[in-house]
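Start with the sequence and the 3D view.

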Amino acid sequence: MTLLVTGGAGFIGSNFVLDWLAGTDEPVVNLDVLTYAGNRQNLAAVDGDARHIFVHGDIGDFALVSKLLAEHQPRAVLHFAAESHVDRSIHGPEDFIQTNIVGTFRLLEAVRAYHGQLPETAQNAFRFLHVSTDEVYGSLGSDDPAFSESSRYAPNSPYAASKAASDHLVRAYRHTYGLPVLTSNCSNNYGPYQFPEKLIPLVIHHALAGRALPVYGDGLQVRDWLYVGDHCAALRRMLDAGRIGETYNVGGCNEKTNLEVVRTLCTLLDELRPRADGQSYAMQIDFVADRPGHDRRYAIDAGKLERELGWRPAESFETGIRRTVRWYLDHPDWVEQVTSGAYREWVGRHYGAAA
Ligand code: NAD
Ligand code: DAU
């Protein structure tokens, strides 16, 4: 038995592959085109491991995906590959449309053809697990109940709209062609190997580099933070026991304002790597222009996943964020490698010279 994972050199995908191979001998074929966000170094621990087959390629390459499916005969596809950064989608939506919508469509087409010719027992056992986001539901008011699986789709950024479109395609392939799909809609992840364009690794990196810590607008936007290992555990449960055609919301029950998150990071860094001048990293906080169309609040009701599949996050925000800060402090080489040319170009373009 084999899994085909797409985007397994990115943040969540690489955590999934590493956790998977630590827990089972089932091989993983990892298809990743290695955009700026994909990094072979994330997978260094499984270099030379025969259970990990890395393939450099695009999910939109129908011929390549068809060949991989025929060759490796996976029992499931876990689809992580995407353009994933909201700010980049605002600067340039085109790549998001190509990968998240067209790429997912072509992947589904290849998987549909493969699934159609499997023997009946293999067809019944097969799963296509689509990894999506809570951003498809739009923004909550401060007193609104958390997003459930029946919340209305109301995506607000080009990124969220492209993920919503991919969710709809996945759903349609179930209803029209009978492809055995499942979709997860997860809240904000954090943990090792997250590219430092996202809030938590960006703040750690900028703090240590003595640079400004950019907080958009008033910093009172709320996100529901989930440790990446808990997300990976939820996906494994869905693969094992999720009901075909269902969507499952995944979240940490950890609603925090961005300012709380940034201040927590400053406090942890003050403790673990104090500034040479004895001052707090909090003095580097800089309120900058808000993100256009910035969603005010996300919160996830993960009750269905808990009731049906018995999943609960293992990490609290306090334990997960400490682990995460320690990981970045312990891996300066990884940070150094991913914050080379392309990263610097992005920071200069998005935050201006002051950053
Ligand atoms: P990421 O940007 O860190 O990684 C994406 C990976 O996909 C990279 O390795 C990249 O090289 C690869 N990729 C991009 N385009 C590709 C293509 N055309 N063909 C093959 N590979 C391609 O993203 P992430 O944060 O790890 O997110 C993974 C998935 O989880 C995405 O689908 C995202 O929408 C979803 N998600 C992310 C979060 C989060 O907080 N990061 C939360 C919920 C859902
Ligand atoms: O909710 C799930 C989503 O979480 C995923 O689908 C996305 O792939 C992932 O990138 C993440 O989206 P966000 O936009 O919420 O994450 P980001 O880390 O970019 O920003 C988190 C919050 O912090 C958001 O309210 C914007 C704010 N922010 C972000 C950056 C990069 C700042 O205030 N300053 C910053 O410099």
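## Helices α4 and α6

This is a predicted model. Begin where two helices touch. On the α4 side, the contact is made by Phe96, Ile97, Asn100, Ile101, Thr104, Phe105, Leu108, Glu109 and Arg112. On the α6 side, these residues meet Tyr159, Ser162, Lys163, Ala165, Ser166, Leu169, Val170, Tyr173 and Tyr177. By type, the residues of this contact are 11 nonpolar, four polar and three charged.

How do the two helices lie against each other? Helix α4 covers residues 94-116, and helix α6 covers residues 158-177. Their axes are 8 Å apart and pack at an angle of about 15°. Angles under 35 degrees count as roughly parallel, so α4 and α6 are roughly parallel to each other. Their crossing is right-handed.

## Helices α7 and α9

Now take a second pair. Helix α7 spans residues 199-208, and helix α9 spans residues 258-272. Their axes come within 10 Å and cross at roughly 40°. That angle makes α7 oblique to α9. The crossing of α7 past α9 is right-handed.

Which residues touch here? From α7 come Leu199, Ile200, Val203, Ile204, Ala207 and Leu208. They meet Asn258, Val261, Val262, Leu265 and Leu269 of α9. This contact has 10 nonpolar residues, one polar residue and no charged ones.

## Around ligand 1

How many residues surround ligand 1? The count is 29. The closest are Ile12, Asp32, Ser84, Tyr159 and Lys163. Tyr159 and Lys163 also belong to the α6 side of the contact with α4.

Backbone atoms provide several polar contacts. An N or O atom in the backbone of Phe11 is 3.1 Å from an oxygen atom of ligand 1. Nitrogen atoms of the ligand take part as well. One lies 3.2 Å from a polar backbone atom of Val33. A backbone N or O atom of Ile59 is 3.0 Å from a nitrogen atom of ligand 1.

## Around ligand 2

Ligand 2 has 24 residues around it. Asp134, Tyr159, Arg291, His294 and Tyr351 come nearest.

Look at the side chains next. An N or O atom in the side chain of Tyr159 lies 2.6 Å from an oxygen atom of ligand 2. For the side chain of Asn188, the distance from an N or O atom to a ligand 2 oxygen is 2.8 Å. The backbone takes part too: a polar backbone atom of Pro214 is 2.8 Å from a nitrogen atom of ligand 2.

Note on methods: Residues are numbered from 1 along each chain as its sequence is written. Chains are lettered from A and ligands numbered from 1 in the order in which they are written. This is a predicted model: local features need pLDDT of at least 70, side-chain atom pairs count only at pLDDT 80 or more; totals for chains, interfaces and linings use all residues. Side-chain values use heavy atoms; hydrogens and water are left out. Axes are lines fitted to C-alpha atoms, for helices over the stretch in contact, and angles run from 0 to 180 degrees between N-to-C directions. Helices (H or I, at least four residues) and strands (E, at least two) are DSSP runs, numbered from the N terminus. Angles under 35 degrees count as roughly parallel, over 145 as roughly antiparallel, 65 to 115 as roughly perpendicular and the rest as oblique. A crossing is left-handed if the near helix is turned anticlockwise from the far one by less than a right angle, and right-handed if clockwise. Contact means heavy atoms within 4.5 Å. Ala, Val, Leu, Ile, Met, Phe, Trp, Tyr, Cys and Pro count as nonpolar, Asp, Glu, Lys and Arg as charged, and the others, Gly among them, as polar. A residue is near a molecule or strand if one of its heavy atoms lies within 4 Å of it. A polar contact is a pair of N or O atoms within 3.5 Å; within protein, one must be able to donate a hydrogen and the other to accept it, and residues adjacent in sequence count only if both atoms are side-chain atoms.
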